[in-house]
Amino acid sequence: MSGKPIPLRKALLQRTDPQIPAVEATIDFLDLPTAREPIAREDGVHVVVAGSESFAQWMHALGGTVNRAPALDGASLWTLRTETPRRGDGSTVRIRVHAVFVTDEWVPEQFRGPVAS
């Protein structure tokens, strides 16, 4: 194999997926936090955030449904199922925002009620 190796971070970026620019535009326009680059999958674009405050920012900006996985080893994965604002052609892009919450961690008030499982 010739040439320089591609850095792992750049190798994982999937810029060819047309959903990514729509989600990045939403992130930039609404000034939403992320902990890593968005990843496109069949069910939408997955975004990882670091902590409950960042998760709450996404919920406040875009709304959606929160799914909470059962706690395992003192932590639980929470996922916000949301979408980009409607574009000029009427379409949206599904977004899955993920955060890990430690058991008994402060949880934003809007998430304290019933959530989908």
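This briefing describes the fold, sheet, helices and selected side-chain contacts of one protein.

The model is predicted: local features require pLDDT of at least 70 and side-chain atom pairs count only at pLDDT 80 or more, whereas totals for chains, interfaces and linings use all residues. Residues are numbered from 1 along each chain as its sequence is written, and side-chain values use heavy atoms, with hydrogens and water left out. The protein contains three helices and five strands, where helices (H or I, at least four residues) and strands (E, at least two) are DSSP runs numbered from the N terminus. Along the sequence these elements follow the pattern α-α-β-β-α-β-β-β.

**Overall composition**

- Of the 117 residues, 35% count as buried; buried means under 20% relative accessible area, exposed over 50%, and partly exposed in between (1.4 Å probe, protein chains only).
- Among contacts with a separation of 6 or more, 48% are between residues 24 or more positions apart; a contact means heavy atoms within 4.5 Å.

**The sheet**

- Five strands form an open, mixed sheet in the order β1-β2-β5-β4-β3; two strands pair if DSSP finds at least two bridges between them.
- The edge strands, each pairing on one side only, are β1 (39–41) and β3 (65–68).
- From one strand to the next, the twist averages 25 degrees; axes are lines fitted to C-alpha atoms, for helices over the stretch in contact, and angles run from 0 to 180 degrees between N-to-C directions.
- Helix α2 (residues 19–30) packs on this sheet and touches β1, β2 (44–48) and β5, with its direction at about 45 degrees to that of β2.
- Strands β3 and β4 (residues 75–83) run antiparallel and are joined by four bridges.
- Within this pairing, V66 stands opposite L80, and R68 has W78 as its bridge partner.
- The two strands form a hairpin with six residues between them, and D73 in the turn has a positive phi of about 55 degrees.

- The buried residues of α3 are S52, S54, F55, A56, W58, M59 and L62, and their cover includes α2, β2, β3, β4 and β5.
- The structure holds three aromatic pairs; rings of Phe, Tyr and Trp (its six-membered ring) pair if their centres lie within 6.5 Å, and planes under 30 degrees apart count as stacked, over 60 as edge-to-face and the rest as tilted.
- The ring centres of F55 and F101 are 5.6 Å apart and the planes stand at 90 degrees, so this pair is edge-to-face.
- Because F55 lies in helix α3 (residues 52–62) and F101 in strand β5 (residues 94–102), the pair ties together parts that are 46 residues apart in sequence.
- Both partners are buried: F55 has a relative accessible area of 0%, and F101 has 3% relative accessibility.
- One aromatic cluster is formed by F55, W78 and F101.
- After α3 comes G63, whose phi is positive, near 70 degrees.

- T26 belongs to helix α2 and is buried, at 7% relative accessibility.
- A polar atom of the T26 side chain lies 3.0 Å from the backbone oxygen of A22; a polar contact is a pair of N or O atoms within 3.5 Å, and within protein one must be able to donate a hydrogen and the other to accept it, while residues adjacent in sequence count only if both atoms are side-chain atoms.
- Beyond its neighbours within four places in sequence, T26 is in contact with D31, L32, L62, T84 and P85.
- D31 sits in the loop between α2 and β1 and is exposed, with a relative accessible area of 62%.
- Leaving aside neighbours within four places in sequence, D31 is in contact with T26 and Q57.
- T82, in strand β4, is buried with a relative accessible area of 7%.
- The side chain of T82 places a polar atom 2.9 Å from the backbone oxygen of G63.
- Not counting residues up to four places away in sequence, T82 touches L62, G63, G64, V93, R94, I95, R96 and V97.
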